[in-house]
Amino acid sequence: MALFRSRSNNESTGDPFLDAVISFTSTDGVTYTSAMAIRNSDVFTAVQIISQDIASSPIQLMVNGIAEEDNDLNYLLNVKPNDLTDAWHFKFAMAANMLLNGNSYAHIIRDKAKNPVRLDFIPVSEMKSVDLDHGKIFYTHDLGQGKTKEYPAQDILHFKMFTTDGLMGESPLLSLRNELAQQDAAKRTLLANFKKGVNGSGILKVKKSNLDKESKDNIRKQFEESNAGEGNALRTLILDDTMEYTPIEINTEILKLVNNNVYTTKQIAKAFGGIPLDRMGIETVNTSLETANLTYLQNTLSHYFSALSSELNIKLLGYPLNREQSFKFNTDRLREVDPTKKVENVSKLIQNSILTINEARKEYGKPPVEGGDKLLVSLNYADLTKLDEYQANKQNNNAPISSEGGENQS
């Protein structure tokens with residue numbers, strides 16, 4: 001049973017690579033060209049913001065809850081996934097395709113021991129179909145020239161965010177048809193007004209004449225060729241005494257509304273998971289950068305991170321490794337926007353015996369120092385098991401002394 005089949009695109013960017021990489025087809029039978037969609041500045045900004053944050057957040061392999069740094073999978077995901085691209089651009093391309101197309105794919109190349117050694121990006125337009133056969137998923141890759149290759153599900157990284165069946169993703173752009181059309185129409189109205197310049201729509205009166213329709217059309221055409229258009233904007237009109245030109249006044253409030261309309265921008269930000277409006281270029285008040293970043297991380301990015309790491313856990317680790325190991329995105333960069341605040345937080349972690357001095361120095365790229373691997377402990381703290389012993393010793397030390405030199409028995 002085929003769950004997804006690619007269809008030919010109706011539009012082209014003129015760049016075969018872009019057409020192949022970010023053209024897609026939705027499962028409702030409507031063909032889109034997402035390369036055209038990113039020409040919308042708000043869609044471009046939303047995709048860029050999320051894709052950059054995903055690509056810039058290192059993926060850590062956690063073993064029993066502890067981050068393991070020296071590992072081949074960390075190198076694969078954060079340094080070099082294949083021979084064609086670096087890890088940052090690989091993750092960016094995977095995230096961007098997921099956001100624009102609803103799905104993104106990568107082929108997992110394994111060694112003889114079945115360990116992942118390479119990740120090859122697959123354009124969405126080349127994924128011919130995804131089939132479900134007797135409870136197993138198979139991906140068919142179109143290699144071109146009539147050749148195809150079928151992969152089992154465990155050999156394909158398939159990133160998706162919004163899904164109604166758990167198998168195929170849907171693009172957020174499906175929910176933005178009306179908003180994008182509205183924004184495009186508004187921008188065209190504004191652009192058309194500026195293109196016409198001072199010689200916009202108006203009334204040309206030709207005095208003392210009785211003109212038929214053809215004559216009027218010829219005069220209109222010649223007048224517009226001489227005075228309208230971008231090349232003639234702000235130029236002086238020259239009329240003889242048989243003509244009188246009266247421009248039609250344009251309601252400037254409408255142009256202000258078109259130029260400053262933030263409704264569609266807010267809708268686009270909402271559709272992509274709730275991107276903070278300040279990141280979309282809309283000025284906000286009474287919101288600190290730290291609060292906005294934390295809200296963005298908790299309400300938007302954390303869900304993307306969970307979706308991506310879940311796929312990595314079952315495809316790159318597998319059972320039973322994923323019972324003790326898992327992937328996690330490091331979000332320290334997004335949490336610490338104020339250098340002064342970071343110093344304060346790191347100092348508290350040292351004081352509370354969570355970080356050693358050398359671990360703290362590593363945060364700032366400083367070399368370790370001798371004796372810096374020991375945790376510092378405050379002498380003002382003691383665990384609860386020592387409380388009874390401490391109180392008993394205190395009572396014994398405060399007991400009164402008798403005249404014979406022993407303790408007073410009264």
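The model is predicted, so local features need pLDDT of at least 70 and side-chain atom pairs count only at pLDDT 80 or more, while totals for chains, interfaces and linings use all residues. Residues are numbered from 1 along each chain as its sequence is written, and side-chain values use heavy atoms, with hydrogens and water left out.

**The nonpolar cores**

Begin by selecting Ile-50, Ile-54, Phe-272 and Phe-327, the residues with the most contacts inside the largest nonpolar core, which has 43 residues. A nonpolar core is a set of buried Ala, Val, Leu, Ile, Met, Phe, Trp, Tyr and Cys residues joined through side-chain atoms within 4.5 Å; buried means under 20% relative accessible area, exposed over 50%, and partly exposed in between (1.4 Å probe, protein chains only). Next, display helix α10 (residues 289-317), which gives the most to this core, with nine residues. Helices (H or I, at least four residues) and strands (E, at least two) are DSSP runs, numbered from the N terminus.

Centre the view on Phe-327. Leaving aside residues up to four places away in sequence, Phe-327 touches Ile-59, Gln-60, Leu-61, Leu-73, Leu-77, Ser-309, Leu-312, Asn-313, Leu-316 and Leu-317, where contact means heavy atoms within 4.5 Å.

**The salt bridges**

The whole structure contains eight salt bridges, each a side-chain nitrogen of Lys or Arg within 4 Å of a carboxyl oxygen of Asp or Glu. Select Asp-53, Arg-279 and Arg-333, which are linked in a network of such bridges. Asp-53 meets Arg-279 at 3.4 Å, N to O. This pair links distant parts of the chain, with Asp-53 in helix α3 (residues 41-55) and Arg-279 in the loop between α9 (263-271) and α10, 226 residues apart. The closest N and O atoms of Asp-53 and Arg-333 are likewise 3.4 Å apart; here the partner of Asp-53 lies in helix α11 (residues 332-335), 280 residues apart in the chain. Asp-53 is buried at 7% relative accessibility, whereas Arg-279 is partly exposed at 26% and Arg-333 is partly exposed at 41%.

Asp-155 sits in the loop between β10 (147-152) and β11 (156-160), and Arg-110 in strand β6 (residues 103-110). Asp-155 is buried at 18%; Arg-110 is partly exposed at 23%.

**The largest pocket**

Select Gln-60, Asn-330, Asp-332, Leu-355 and Glu-363, which lie nearest the centre of the largest pocket among its 34 lining residues. On a 1 Å grid over the protein atoms alone, a pocket is an open set of points with protein on both sides within 12 Å along at least five of seven lines, a cavity is a set where a 1.4 Å probe fits but cannot get out, and lining residues have an atom within 4 Å of a point. The volume of this pocket is about 1,100 Å³, volume being the space filled by probe spheres set on grid points joined across faces, edges and corners. Helix α12 supplies the largest share of the lining, five residues.

**The largest cavity**

Finally, of two cavities of 30 Å³ or more, display the largest, which holds about 120 Å³ of space. Its lining includes Ile-54, Phe-90, Lys-91, Met-94 and Phe-329. Helix α5 contributes the largest share, four residues.
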